[in-house]
Amino acid sequence: MKKIAVLGATGSIGRSTLDIVSRFPERYQVVALGGGRNIRELIALARRFQPQLLAVQEEDGAGELTQALQDFGLSIPVMVGQPGAVAVATYAQADIVIAAMVGAVGLEPTHAALKAGKDVALANKESMVMAGRLLNQVAAETGAAILPLDSEHSAIWQALNGEPKKGVEKLILTASGGPFRDFSLAEMGQVTPEQAMRHPRWEMGPKITIDSATMMNKALEIIEARWLFDIVPERIEVLVHPQSIVHSLVEYVDGSVLAQLGLPDMRLPIAYALGYPERLALDLPKLDLATIGQLDFMQADATLFPALKLVRRALAAGDSGAIAFNAANEVAVERFRQGEIGFLEIAETVEKVLDQVTREDFSTLTEILDFDAQVRQSIL
Ligand SMILES: NC(=O)c1ccc[n+]([C@@H]2O[C@H](COP(=O)([O-])OP(=O)(O)OC[C@H]3O[C@@H](n4cnc5c(N)ncnc54)[C@H](OP(=O)(O)O)[C@@H]3O)[C@@H](O)[C@H]2O)c1
């Protein structure tokens with residue numbers, strides 16, 4: 001029986017993970033769940049999975065949750081804030097931690113899980129973007145594994161399986177292109193948060209949905225891939241593929257290209273990571289290529305999507321560049337969602353921040369978190 005702790009249990013990835021877990025009660029047991037502010041959802045999850053530890057973002061939520069659990073005759077300790085998320089991430093009984101919080105807040109618990117020697121199934125790409133070098137080093141020290149959950153990185157992981165690394169020519173990350181792939185720059189300037197929230201292929205949380213519309217998501221994934229697969233960024237490319245069926249590809253030195261295909265459903269990569277090296281028999285709709293008929297591929301337009309150029313600058317600026325890139329994007333996305341800035345100003349904010357960054361590499365979590373806070377402060 002594999003024991004599982006889920007950070008971000010109330011989110012899109014968290015819920016998909018728990019869907020997979022509930023299909024295999026003989027294989028998986030949920031021992032700890034962390035959520036944010038959605039207390040109603042966490043109450044439902046706590047009743048269903050009866051974990052041994054819960055964590056929420058705020059004190060008020062903890063009170064409400066504890067009271068509701070008592071009313072249902074359940075007594076489960078509830079912790080709060082980052083210490084709560086870290087407690088879930090390091091929960092002694094857990095064998096694997098699903099890192100599915102959104103944003104930089106996911107870094108500290110992900111780091112703590114690896115430090116405690118827990119295998120981490122990583123959805124929280126922001127933590128790898130900010131601290132890939134450090135997380136890899138901690139994992140190497142404790143023997144913990146970092147298993148990709150992002151569909152693109154899962155596809156690459158699968159396409160690399162059993163191949164000697166020296167045979168790899170490049171990694172090709174596919175991108176749906178989001179809802180504005182065919183827009184002009186002028187049309188992009190008028191995009192509202194409601195429009196940006198409608199992704200054509202994937203059902204996801206609000207931040208990654210907007211990141212997909214700006215293609216910041218793909219930019220973050222380039223940095224994520226750089227660390228997950230320990231490959232120089234020059235060997236990572238992006239290819240637009242609107243149908244989101246080919247989840248990514250690996251080109252080898254002999255010209256062969258291996259890809260992983262599947263319907264766009266995050267439960268597939270989640271099940272792959274949970275079951276690895278075994279494949280779980282999933283009773284889900286199967287890919288029918290004859291019905292799909294056609295798969296399209298095209299170059300990404302870096303004029304429409306400046307994120308794809310900015311990320312190369314960020315990578316050239318070392319750890320400070322990647323942290324600044326991520327922090328500026330998080331702040332800008334939030335401002336866009338609040339209606340304070342326009343859609344194109346998300347990339348402009350990131351560019352302005354990168355203009356100020358000088359290259360610096362960091363070796364501790366404190367240095368990384370301090371620099372992240374410094375960047376956010378500089379934008380206010
Ligand atoms: N969704 C996808 O298909 C997908 C695919 C690949 C990668 N990812 C990555 O996976 C991560 C999660 O994405 P998502 O789409 O699942 O996001 P989401 O639906 O917005 O869920 C985010 C989760 O994080 C929790 N959370 C947010 N702030 C928190 C805080 N300060 N303390 C504790 N918990 C907090 C939320 O809690 P409440 O809701 O309770 O407030 C929720 O459980 C992101 O890094 C994203 O880039 C997602």
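Modeller: Let us begin with the division of the chain, keeping in mind that this is a predicted model. The protein chain falls into two parts, domain 1 (2-148) and domain 2 (152-379), and their centres, taken over C-alpha atoms, are 23 Å apart.

Colleague: How many residues does each domain bring to the contact?

Modeller: In general, the size of an interface is often given as the accessible area lost when the parts come together. Here we can count residues instead, with two residues in contact if their C-beta atoms lie within 7 Å: domain 1 gives 28 residues and domain 2 gives 32 residues.

Colleague: Which elements form the side of domain 1 that touches domain 2?

Modeller: At least two residues each come from helix H1 (12-23), helix H5 (107-115), helix H6 (125-142) and strand E7 (146-148), and H6 makes the largest contribution, with 10 residues. Sorted by class, this side of domain 1 holds 15 nonpolar, 8 polar and 5 charged residues.

Colleague: And what surrounds the ligand?

Modeller: A shell of residues can be read by asking who belongs to it and where they come from. In this model 29 residues surround the ligand, and the closest are Gly 11, Gly 36, Asn 38, Met 204 and Gly 205. Domain 1 and domain 2 each provide at least three residues of this shell. H1, H6 and helix H10 (206-214) each supply at least two of its residues, with the largest share, 3 residues, coming from H1.

Colleague: How does the shell around the ligand divide by class?

Modeller: The shell comprises 13 nonpolar, 12 polar and 4 charged residues.

How values were computed: Residues are numbered from 1 along each chain as its sequence is written. This is a predicted model: local features need pLDDT of at least 70, side-chain atom pairs count only at pLDDT 80 or more; totals for chains, interfaces and linings use all residues. Domain bounds come from an automatic or database domain assignment. Helices (H or I, at least four residues) and strands (E, at least two) are DSSP runs, numbered from the N terminus. Ala, Val, Leu, Ile, Met, Phe, Trp, Tyr, Cys and Pro count as nonpolar, Asp, Glu, Lys and Arg as charged, and the others, Gly among them, as polar. A residue is near a molecule or strand if its C-beta atom, placed from the backbone, lies within 6 Å of it.
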